[in-house]
Amino acid sequence: MSHHVLSLLVEDRPGLLTRVAGLFARRGFNIESLAVGTTEVEGLSRITVVVSVEGLPLEQVTKQLNKLINVIKVVELEPETTVQRDHMLIKVKTDAASRSQVLEAVTLFRARVIDVASDALIIEVTGETAKCQAFIKVLEPFGIKELVQSGVLAIGRGSKSITEKVLK
Amino acid sequence: MANEVLTGAQAIVRSLELLGVTDIFGLPGGAILPTYDPLMDSTKIRHILVRHEQGAGHAAEGYASASGKLGVCIATSGPGATNLVTAIADAHMDSVPLLAITGQVNSTAIGTDAFQEADIVGITMPITKHSFLVTKAEDIPGVLAAAVLIATTGRPGPVLVDIAKDAQNGKAEFVWPPKIDLPGYKPVTKPHGKQIQAAAQLIKEAKRPVLYVGGGIVRAGAHLELLELAKIIGAPVVTTLMARGAFPDSDPQNLGMPGMHGTVPAVTALQRSDLLITLGARFDDRVTGQVKTFAVGAKVIHVDIDPAEIGKIRFADVPIVGDAKEVIAELNAELNADLKGTKPDIAEWWKFLSDLRTRYPLGYTQPDDGKMSPQFVISRIGELSGPEAIFAAGVGQHQMWSAQFIKYERPNSWLNSGGAGTMGYAVPAAMGAKVAQPERLVWAIDGDGCFQMTNQELATCTINNIPIKVAIINNSSLGMVRQWQTLFYNSRYSNTDLNTGTDTIMVPDFVKLADAYGCLGIRVEKEEDVDAAIKLAMETNDRPVVIDFIVGRDAMVWPMVPAGLSNDAVQFARDERPVWEEGEEE
């Protein structure tokens, strides 16, 4: 099983996400994470999707995605040439005794506290998947009450832009 | 000059007229009613009122497959739209250019479970090339133009346009030609020059090449280019179920159909080949059998307009994305320049294949029950009708026999449901074909099971003067299922008896049914009466004809590669495998 980060430039049309998600489901491809949002160009959205595939079919995934009429471009983003980030909000149980230890972890991981209650903190952390996972490990003993996360966001390094080429 | 203001409904009709649509198959209902009003006034579009929307869908498919043009069907929302689903799925599997227009409830009511509301765009998403939901009148011309472009270019396929009732009733300036904005749709038709050279090189080196020809050749209209290619290299040709007629059966290079019910020479040619020149075919499981043992010694050139087909099932040594017509034309030019009139030496290969052809021709035995042999009936239909006729089949034994025993000489003369295997395709598809090509003799060769799924369209044929001929190959059972029960389920015939034979209670009596629909009904039980009945059918053009051919129910389709097995296990008759010469068995 290998993981690949695909970036899809798509027309922002009703049902687009259903088309993409439906394609993954019916062709038997597994989605590990999905992040969708508008781009700098009006009418275009970008989908970052992490897929896990066995053996041959990554090429099938990209070819089938390319067949969707509203999909303009599909690129695989290699870790070496891209910046990839996860974003998480974590609600951790804290009391007077544990709070300072949690805050220490927050500092070490360069995370941020964004809400404080007498018995809990909400922490925001951004980083590569491995870092975020490590942070969760550290927080687990204190008691994670709630966790939400974006899918992986990824963008190519340097000045090149995938939208630029398409719009020419 | 200011643009004319039209209702959305008028814009639908006007757009279709301007897009060159001349025939539509459909059935009105609440949500499409606004469109049916201006449709009544159109002098350019003939609307044919079907009896069931599935019939409209298959008729549009038959229309498209017989003529190469776009087929159009129209239905109302909810059940009208869902009744099109089978035909849309069928068109998707067989790459048929189809435009399906459906009415939808008012845009303000969408999502409220309104009367006759169904999310047909959602339902058909996996089985359409693309789909649109239109909620504003001003979007109609652009969407219809885009839909037709998508359906008919690249790899053809079905496109659904779902139009809300208030969009049909709304008004907008009619702008033509509309702007088509499809930044993500750029089908590649022109092949890569380097790949053409690489393909030519493999062809020149091959000792056992085979032209593995699929339905893409028919859709691309590339049959003449194919003929030229075949003559340049002299290689054997196999034509898949979807490609029957893409290469003349009378040509000695044609080994017939490969696959589960393919000829022994065609199946073996693929298995023993060292180069598959794959043209508009997709390595369907019915052709390859078990993939890992399929043509293990062969390199593959794979030509397809759909990049996703290349490498999907079988690795391609030389992948070529492009329109088959352009690709083969360029390949021919390359080979002509390279070979300068000489031909690759494949005499040994032909010796092997010719010997197989002599030893294992297509054949059949006479049924034990004294009834007619279905293969004989179908052969006679083909022989008496000739290659200019069109033959539409249902799905099952009669379909396989029609693919095997009718000689096809031209593309678009053989219509069937290949990928989806849709029983009930034949009668409405034949109807559509006859509308597209009224001068041609059009046969529906159907089974007694298939016929009972869509025969209501005989009413449409009679009333609209569409004189098709229907040959029911009546074995009083779901024959192909029965064959599998015979072979793989110890002859336990679970739910395959249809009681339509002459020695049963005969429900229904097909001759009476034909009569009730205003058709000429004929029953034939003896082989000596077959020709006369076929001739009478061919002479009768004031109404449709239905011939009830009573055939033996134990007749089986041979050769056969049992499902999931290697093609090496091909049997030309029950438990009879070809005998290979010394040293041939690998």
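Reply: Start with a term. Two strands pair if DSSP finds at least two bridges between them. The model is predicted.

Me: Which residue of S19(B) does B:Ile472 stand opposite?
Reply: S17(B) and strand S19 (residues 545–550) of chain B are paired in the parallel sense. Six bridges hold that pairing. Within it, B:Ile472 faces B:Asp548.

Me: What is the bridge partner of B:Trp443 in S17(B)?
Reply: Strand S16 (residues 442–447) of chain B also pairs with S17(B), in the parallel sense. Five bridges join the two. The partner of B:Trp443 in S17(B) is B:Lys469.

Me: Is S17(B) largely enclosed or left open by the rest of the structure?
Reply: Buried means under 20% relative accessible area. B:Lys469, B:Ala471 and B:Ile473 point one way, B:Val470, B:Ile472 and B:Asn474 the other, and all are buried. That is six of the six residues of strand S17 (residues 469–474) of chain B, so the strand is largely enclosed.

Me: Which strands stand at the edges of the six-stranded open sheet of chain B?
Reply: The order in chain B is S3-S2-S4-S5-S7-S6, with parallel pairing. An edge strand here has a single partner strand, so one side of it has no neighbour in the sheet. The twist averages 20 degrees from one strand to the next. The edge strands are S3 (46–49) and S6 (130–134) of chain B.

Me: Which residue of S3(B) stands opposite B:Asp23?
Reply: Strand S2 (residues 23–26) of chain B runs parallel to S3(B), joined by four bridges. B:Asp23 has as its opposite number in S3(B) the residue B:Arg46.

Me: What angle does the direction of H18(B) make with that of S2(B)?
Reply: Helix H18 (residues 426–436) of chain B packs on this sheet. H18 touches S2 and S3 of chain B. Its direction makes with that of S2(B) an angle of about 160 degrees.

Me: Are H12(B) and H15(B) roughly parallel or roughly antiparallel?
Reply: Helix H12 (residues 264–272) and helix H15 (residues 347–359) of chain B have axes 9 Å apart. Their packing angle is about 150 degrees. Angles over 145 count as roughly antiparallel. The pair is therefore roughly antiparallel.

Me: How many nonpolar residues are in the contact of H12(B) with H15(B)?
Reply: From H12(B) come B:Val264, B:Pro265, B:Thr268, B:Ala269 and B:Arg272. They meet B:Trp349, B:Phe352, B:Leu353, B:Leu356 and B:Arg357 of H15(B). By class, one residue is polar, two are charged, and the nonpolar ones number seven.

Key:
Residues are numbered from 1 along each chain as its sequence is written. Chains are lettered from A and ligands numbered from 1 in the order in which they are written. This is a predicted model: local features need pLDDT of at least 70, side-chain atom pairs count only at pLDDT 80 or more; totals for chains, interfaces and linings use all residues. Side-chain values use heavy atoms; hydrogens and water are left out. Axes are lines fitted to C-alpha atoms, for helices over the stretch in contact, and angles run from 0 to 180 degrees between N-to-C directions. Angles under 35 degrees count as roughly parallel, over 145 as roughly antiparallel, 65 to 115 as roughly perpendicular and the rest as oblique. Contact means heavy atoms within 4.5 Å. Ala, Val, Leu, Ile, Met, Phe, Trp, Tyr, Cys and Pro count as nonpolar, Asp, Glu, Lys and Arg as charged, and the others, Gly among them, as polar. Buried means under 20% relative accessible area, exposed over 50%, partly exposed in between (1.4 Å probe, protein chains only).
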